[in-house]
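Hi everyone, and thanks for making time this morning. Let's bring the structure up on the screen and walk through it together.

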Amino acid sequence: MADRWLGLLALAIGILILFVWIPLDVDTGIFEKARRSVVLGDAFAPAVAAALVAVGGCLLLLESRTRLSRSVGRSTEQSASPSPGLAPDSSPGPTASLTLDNCSYLLATLFVIAISLLVMRYAGPVSVSLFGDDGASYRLLRDTAPWKYVGFVAGGVMLVAALISRVERRVRFRFLMIGLIAVLILIAVYDLPFDDLLLPPNGDV
Amino acid sequence: MDWFDYVLLGVQAVFQGPVAFELAGFAIPISVLMVLSGFLLGILVGSTPGLAGPMAMAISLPILISVFGYHESALLPVFGFLIGVMKGATVGGAVPAILFNTPGTPDAYMTTLDGYPLAQRGEANKALRVAHISSASGDTFSDIVLILCAPFLAIIVERYLDLPEKTALLLLSMAFIASVIGRSAGKGLISVGLGLLAAYVGTGEDFSPRLTFGSEALAQGFSVASAILGVLIVGEVFKSMEDMRRDGISSVNARVKNSERRRGLSVGLLRSISPYIARSALIGTAIGALPGVGSTLAATLGYTTGKGRHAKLHPQKAQFGDGIPEGIAATEAANSSVSGANLIPVLSLGIPGNASAVFLILAADSIGGFNPGPSVFRFNADTVNPELVVAFGLFTMMMLANLLNWTIGGRVMRAMGIMTRVPKHYLLPVILLLTLTAIYIQETRLVAVWFTIGFGVLGYLMRRIDMSPLPFVIAFILGGRLEETARQAFSATGSDPWFLFSSATCIVFMGLTVLILLLSARSRRS
Amino acid sequence: MKKVIRSLQAAACAIALVTNVSYAAQWQPPGPIKLMIAFAAGGGADTQARLIAEEIEASSGWKFIPENVTGKGGLNLLKAMKGQPNDGSVIGIMVTESLAYNRLVAGDSGLELSDFTPLTTTAGFQMGLVAKTESGYKTFDDVVAASSGGEKLRFGAMSPKLADLAYLLGKAHDIEFNIVSLKGGKAVMNALNAGDVDLGWGAGIQGKAVKAGEMVNLVSGLSKPLDLSPDAPLLKDLGVEYNADGYFLFAAPGGMSDDVRNALADALSSVAANPESKAGGLIQKAFGGAAIFKGAELDQMLAADSEAAASLLKAAAE
């Protein structure tokens, strides 16, 4: 059942890309005239890709129609297909589908990550304006200790600690320590030995 | 220069390259050191449930590139490390499968069927030794096939395939990948289509960037690293964290009885498992040479073939699944012999077949100076082809890794049981931070980190709806080449709209493409 | 402490390198200098930029942060650079073609020459029309003869400007080449070797193969003869009034003050022009030696290039 919805969705997305996005957002057509001959334009390859998505959707609709009638789960032993992930799958059921729980988990996780990245980006500039010399700008201090570490340490520790506490569903001091150790190791690996590498967010402030 | 000179140069490049340090008067070349450290790390991550070779490759790659820089001299040490990880993880995957009934890598699932019963009977040491010897044999065999086949295949491709045929061949391999990975050809095709689309954002021939919604951040397109690490690593991290959040953190506390005496395998046992090793090595190598068909299928086929054979020959004895060494041998030889053969399409065609190969291509792509594909195997007579030297250096390092595997691999592997206790939920957020940091350091723009998170979301969703992300990744890598080759073929044939059917070879390739898609769609239905 | 050491280093170098005194003494960058590189990591062009930066870091204590901003023939870099601070804390390396032809082709890009301050060129391209020796073409006349015999020739070009030149070269001799666009000089060499194209532009990368006798320069794409093949005719001799003269170019955001501009240009060009330095050595080896244009001369060159590009665009559209 889930596959049928997925098939419809893919079909719709493919058609939308093919007939709306590509015409609006690609400057050359599927074919172009250049130097008195015809060449493939920039819309050609994306059009093929969008068509593949749509065709894949149709194929999926066909597959799910016949699969529904014999909805027998194949055990892992019989199925010869490699698991999609890199790590062993915790037995993916034959009717794998996205639940509301999945979505809310994903949104919450993204929220945590977004906040951490924002902290990473702005902790440095904010601390320079609060504690730095008058008129100092973070951009010019982004390769000077200790300023260059402020954002990465604050954002990195927050990211690690917040994600661990989401898995364990509790908050503990040691999560912060794990985050701090991880951040320090990363600084030791990337920042100390290499003069021209910049930790986030110092490369493009 | 003939081929033998190139082989020599390749061997020299590894053993007489820059020296890392001196040990008791012997200079240890840096490439050798990198193979060794990669190999050890590989066994370590292979033995850790929840980590796998590709993840270790992904994490170490940016560090390696920072250490060795963007220069051709970086190629061999970096490749050496990655090859080491690849081989180490293959061996290590059997450890938790045998000791704790939890496969460290997906392809080690079949190993649990006979390995765990053996361990429960107190014969873990024997099981591990059988796994090691089978894995090392399969791996070595597969590498030899690679070294013998890849150059010739490349030369044939270079000599006989024109631009239209090359386009058709790329289409054929993508169709193949879409149909064989995962459970559904439809999902595979969607995955391929999305991968291509992502590759086409911002790129193109025209000077105004396409598909960018007018955004300047998108005009540079998505980097290979953002897309691959996002879908493969970040997506996996998201999913595993949710699984742990939902199911709770399980800790492995099973103690293994270890009453047996630690000693080597008897000649009689070796004799009885060797036919299974040989058969599975052949199956694994043949499967590995096809892009996209992974080691899990090889393991399954190796196991089931061995099972049938055993039941027929020895119906009165204990069978596969009861805990016999032959079962481990059949599985481990098959899944290990995939890794070498998988590099055949990479080196001769530039088409990656599995996640490990993807990271080798990513390494080559980031460092520059080595473009996996048929042009690597050009045996120039008067000038040295540096890419060919690298290729033979790569082969040398693979054999070196095999040597390490045979000599110290078994011992290291048997010491790794402890790794199953690593708290994974501490590890995953750290891996996420590491991945994002690595991406940033390579690209120095924060928006690339957001892109990686975005691809992570895609990877997560794909895993939830049981759509394999591997076709996406492979299509992303090949997308640019596919478009360029098609464009070139079209122009070169004087704008012939039927260029994909302009020769017999083309027609065969295109026919196969359609056939594969039709067949796989039909087989899923019936 | 680091700062103290750096200023000591700078002082020591200023004494040691008399030629560098002028820039090291008068101007110091306000902070780390972002070095945007329009080329993919690992290639000769990228290495050149990184080596030049390293050398200046060693001699003057300035600090560079290299960053690859690739794609669209340097236009992505130009777009990213436009509007950034022009105090010397941002510079970029591209080819002159990016600021001239490519900027004009992308008519709606909103990029003007005045949005940028050109600093200095480092090296030029030995642009030649290349064929494999075993193809049998020894001169361009052989190519014309083969084409008149009815053979459809494939011509590999790695940029739209070079494709235009290929088209005009054919047009001047009543030949219609099948022009195949390839990504980068290496791709042209591979395509020639694989037999995917019959002819192609090489920007100097063909040097080794030409010396070894595996390839031959049929035509010089420049306004002057090629160093390696002085007898190859110029485009001008073959009825094409445009040429593929081009250089690696350092540039900065527009409106930079002359002091800063000169200090940066002097620092960069003195390293590039010094064959004893690592960067200079690479330029010698890979691009046949330094070619330095800066200041007013460079401004004039880019203005002239832009004008020529506009008329080339028109000619190729006919």
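Let me begin in chain B, where the axes of helix 4 (residues 75-92) and helix 17 (residues 386-414) come within 9 Å and cross at roughly 35°. Axes here are lines fitted to C-alpha atoms, for helices over the stretch in contact, with angles running from 0 to 180 degrees between N-to-C directions. Helices (H or I, at least four residues) and strands (E, at least two) are DSSP runs, numbered from the N terminus. The crossing of helix 4 and helix 17 of chain B is right-handed, that is, the near helix is turned clockwise from the far one by less than a right angle. On the helix 4 side of chain B, the contact includes B:Leu75, B:Phe79, B:Gly80 and B:Gly84; on the helix 17 side of chain B, B:Gly393, B:Met397, B:Ala401 and B:Gly409 are among the residues involved. Contact means C-beta atoms, placed from the backbone, within 7 Å. By class, this contact has 11 nonpolar, 6 polar and 1 charged residues. For the classes, Ala, Val, Leu, Ile, Met, Phe, Trp, Tyr, Cys and Pro are nonpolar, Asp, Glu, Lys and Arg are charged, and the others, Gly among them, are polar.

A quick word on the source: this is a predicted model, with local features needing pLDDT of at least 70 and side-chain atom pairs counting only at pLDDT 80 or more, while totals for chains, interfaces and linings use all residues. Residues are numbered from 1 along each chain as its sequence is written, and chains are lettered from A and ligands numbered from 1 in the order in which they are written.

Now, how many residues of chain B are in contact with chain A? There are 84, and they meet 76 residues of chain A. Helix 9 (185-200) of chain B is one of the contributing elements, and its 11 residues are the largest share of that side of chain B. The side of chain B that touches chain A divides into 47 nonpolar, 20 polar and 17 charged residues.

Turn to the contact between chains B and C, and you'll find 28 residues from chain B and 35 from chain C. Here helix 20 of chain B gives the most to the chain B side, with 5 residues. By class, that side has 7 nonpolar, 13 polar and 8 charged residues.

Chain A itself has 6 helices and 2 strands, running α-β-β-α-α-α-α-α from the N terminus on. An automatic or database domain assignment divides chain A into domain 1 (2-69) and domain 2 (100-191). Their centres, taken over C-alpha atoms, are separated by 40 Å.

Finally, chain C. Its domain 1 covers 2-125 + 246-317, and its domain 2 covers 128-238, with 30 Å between their C-alpha centres. The contact takes 10 residues from domain 1 of chain C and 9 from domain 2 of chain C.

Chain C also has an open sheet of 5 strands in the order 2-1-3-10-4, with mixed pairing; two strands pair if DSSP finds at least two bridges between them.

Thanks, everyone!

Definitions and conventions
Contact = placed C-beta atoms within 7 Å.
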